[in-house]
Amino acid sequence: MENVLHTREEILSKEFKKTRIGTGYDMADVDAFLDEIIADYQAYQNNLTELQTKADQLEAQVADLTKQVSAANLTQAKPAATSSINTNMDILKRLSNLERRVFGSQTDAFSTNGQESSTQNV
């Protein structure tokens, strides 16, 4: 960034040399000061442009990082849901196997008796 030569107070308090003819100011002195002011304003404009460019770049970077975080959160959430579904299916399979082992002979006898009774009624 470029350095600014004059502060606001310096510009306000600037006094020019008076010419010998009349009550005017030395034109060369005023022109030199105005040239410095123009250079300061150009430096100020360059600084603003540079800072705006940096701000735009940083905003774009924040937007990209926000998208990456959102995408990462979504991908982390999906496996969790899938794993809970898999876990629930595993639990149901285990429960079914356990019921077959514990109640298997009773349910087989019940289904056999139920079939026999239905054939006897006919």
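1. Let's start with a charged pair. Lys54 forms a salt bridge with Glu50, their closest N and O atoms lying 3.6 Å apart; the term stands for a side-chain nitrogen of Lys or Arg within 4 Å of a carboxyl oxygen of Asp or Glu. By this rule the count comes to one salt bridge. Side chains of opposite charge can pair when their charged atoms come close. Lys54 and Glu50 are four residues apart in helix H2, so about one helical turn separates them. Lys54 is partly exposed, at 42% relative accessible area, and Glu50 is partly exposed too, at 31%. (Buried is under 20% relative accessible area, exposed is over 50%, and partly exposed is in between, with a 1.4 Å probe and protein chains only.)

2. A word on what you are looking at. This is a predicted model, in which local features need pLDDT of at least 70 and side-chain atom pairs count only at pLDDT 80 or more, while totals for chains, interfaces and linings use all residues. Residues are numbered from 1 along each chain as its sequence is written, and side-chain values use heavy atoms, leaving out hydrogens and water.

3. Now the overall picture. The protein has two helices and zero strands; these are DSSP runs numbered from the N terminus, helices being H or I with at least four residues and strands E with at least two. Of its 122 residues, 7% count as buried. Residues 24 or more positions apart supply 50% of the contacts with a separation of 6 or more, a contact being heavy atoms within 4.5 Å.

4. Have a look at Asp40, which sits in helix H2. Asp40 is buried yet has no salt bridge, and the nearest side chain of opposite charge, Lys14, is 12 Å away. (Lys and Arg count as positive, Asp and Glu as negative; His and the chain ends are not counted.) Setting aside neighbours within four places in sequence, Asp40 is in contact with Val4, Leu5 and His6.

5. Ile37 also lies in helix H2. Ile37 is buried, with a relative accessible area of 12%. Beyond residues up to four places away in sequence, Ile37 touches His6 and Ile11. Ile37 and Thr7 are 30 residues apart in sequence, with 9.9 Å from C-alpha to C-alpha.

6. Finally, the surface. The protein exposes about 10,800 Å², and carbon and sulfur atoms supply 58% of that; accessible areas come from the Shrake-Rupley method with a 1.4 Å probe, and for residues only the protein chains shown count as cover. Leu98 has its place in helix H2, which covers residues 27–121.
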